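Let's take a walk through this structure together. Keep the view open as you read.

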Amino acid sequence: MANKKDLSYFMHSTEPEIVKYPAPEGFNDKTGKRLELEFRILSESELRTIRNHWRERKLIKDHGRPMVVNGAPVYDETYDSGSALQEMLVESLVYPDLKDEDLMAYYGVVDANEMPSKVFPKFKDLNYVSRAFNIIHGFMEEDEDEEEGEKKPNDVDVAKN
């Protein structure tokens with residue numbers, strides 16, 4: 001057993017990782033400084049659970065019998081990606097805490113999954129927060145500097161020069 005490799009490199013912290021991202025324009029503190037959103041990075045397991053919550057799979061039947069094609073049953077799957085994203089935002093956002101009872105009461109909401117569209121009622125603001133979530137979680141790359149509005153060079157642009 002002298003050749004056992006060091007596995008400590010794969011033993012990551014179990015503490016939640018919090019990442020800050022500038023809030024949409026217009027979300028400023030009392031001094032006029034732009035607020036920062038705080039996101040908790042969701043684990044792959046948490047993301048999968050949320051996705052599965054909004055996925056429905058029904059066996060297709062033909063005259064009461066399951067439809068089979070090439071030896072496999074055929075299913076009709078639907079996925080509500082909008083609702084899944086709303087729930088991911090609720091679970092990920094630490095500031096603002098969309099599950100905060102006072103904030104929910106202010107908006108007259110009992111289902112926290114309705115909160116993203118209440119707190120960010122303008123499409124451009126909700127889209128901005130959704131995009132921030134996707135960038136922070138690695139689902140998309142940030143191609144523009146949000147502060148400056150200038151395009152950052154990507155690999156294709158660099159290769160062209």
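This is a predicted model: local features need pLDDT of at least 70, side-chain atom pairs count only at pLDDT 80 or more; totals for chains, interfaces and linings use all residues.

Residues are numbered from 1 along each chain as its sequence is written, and side-chain values use heavy atoms, with hydrogens and water left out.

Zoom out to start. The chain has six helices and nine strands; here helices (H or I, at least four residues) and strands (E, at least two) are DSSP runs, numbered from the N terminus. Of its 161 residues, 25% count as buried, where buried means under 20% relative accessible area, exposed means over 50%, and partly exposed lies in between (1.4 Å probe, protein chains only). Take the contacts (heavy atoms within 4.5 Å) between residues at least 6 apart in sequence: 46% of them join residues at least 24 apart.

Now find helix H2, residues 81-92. Its twelve residues reach 16 Å from the first C-alpha to the last, close to the 16 Å expected at 1.5 Å a residue; that expected span is 1.5 Å times one less than the number of residues. Which residues of H2 are buried? They are Ser83, Ala84, Gln86, Glu87, Met88, Leu89, Val90 and Ser92. The cover over them includes helix H1 (44-53), H4 and helix H5 (123-136), along with strands S2 (36-40), S8 (75-79) and S9 (93-95).

Next, hop to Asn113, in the loop between helix H3 (101-107) and helix H4 (115-119). Asn113 counts as buried because its relative accessibility is 19%. Leaving out residues up to four places away in sequence, Asn113 touches Trp54, Gln86, Glu87 and Val90.

Finally, go to the segment before strand S1 (18-22), where you'll find Met11. Met11 counts as exposed because its relative accessibility is 64%. Together with Leu7, Tyr9 and Phe10, Met11 forms a nonpolar patch on the surface, with about 560 Å² of accessible area together. Asp6 is also found in the segment before S1, and Asp6 is partly exposed, with a relative accessible area of 44%. The Asp6 side chain makes a polar contact with the side chain of Ser8 (2.7 Å). A polar contact is a pair of N or O atoms within 3.5 Å; within protein, one must be able to donate a hydrogen and the other to accept it, and residues adjacent in sequence count only if both atoms are side-chain atoms.

Key:
Patches are made of residues with over 30% relative accessible area and no salt bridge: like charges are joined within 9 Å, nonpolar side chains (Val, Leu, Ile, Met, Phe, Trp, Tyr) within 5 Å. Accessible areas come from the Shrake-Rupley method with a 1.4 Å probe; for residues, only the protein chains shown count as cover. A salt bridge is a side-chain nitrogen of Lys or Arg within 4 Å of a carboxyl oxygen of Asp or Glu.
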